[in-house]
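Dear colleague,

I am handing over the structure below, and after it I set out what I found when going through it. Please read the notes with the coordinates open beside you.

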Amino acid sequence: MTLARSILLFLVAALAEIGGAWLIWQGVREHRGLLWIGAGVAALGAYGFVATLQSDANFGRILAAYGGVFVAGSLAWAMVVDKFRPDRYDVLGAVICLAGVAVIMYAPRH
């Protein structure tokens, strides 16, 4: 699997999980109804499927690395969708998480 494909899969997984959770939040907390909740559940299911497409055979490694993508992706989602303005510590934390993703997923192994 190429590096680009792996990164793309992480981005699609983040979109599905963060978007799914946001849809459920909107359905429940903002009283938008069952269609929003159902769409969120479907998106979360898609996230679970997309994660299986990574080439690494170790579930724990994929999920651990995805955690860093989730942190950075959540902040990006909040910026775009909710007009959230991260401070320098939010940005630093996201950069640290993405560095962890790079080490966990893409460090040379023998």
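H31 counts as exposed because its relative accessibility is 70%, where exposed means over 50% relative accessible area, buried under 20% and partly exposed in between, with a 1.4 Å probe and protein chains only. This is a predicted model, in which local features need pLDDT of at least 70 and side-chain atom pairs count only at pLDDT 80 or more, while totals for chains, interfaces and linings use all residues. Residues are numbered from 1 along each chain as its sequence is written, and side-chain values use heavy atoms, with hydrogens and water left out.

H31 is found in the loop between α1 and α2, helices being DSSP runs of H or I with at least four residues, numbered from the N terminus, and although it is not a glycine, H31 has a positive phi of about 55°. Most residues other than glycine have a negative phi. K83, in the loop between α3 and α4, also has a positive phi, near 60°, and counts as exposed because its relative accessibility is 63%.

Leaving aside residues up to four places away in sequence, Y66 touches F10, A13, A14, E17 and Y47, contact meaning heavy atoms within 4.5 Å.

With kind regards

Technical notes: Helix = DSSP H or I, 4+ residues; strand = E, 2+ residues; numbered from the N terminus.
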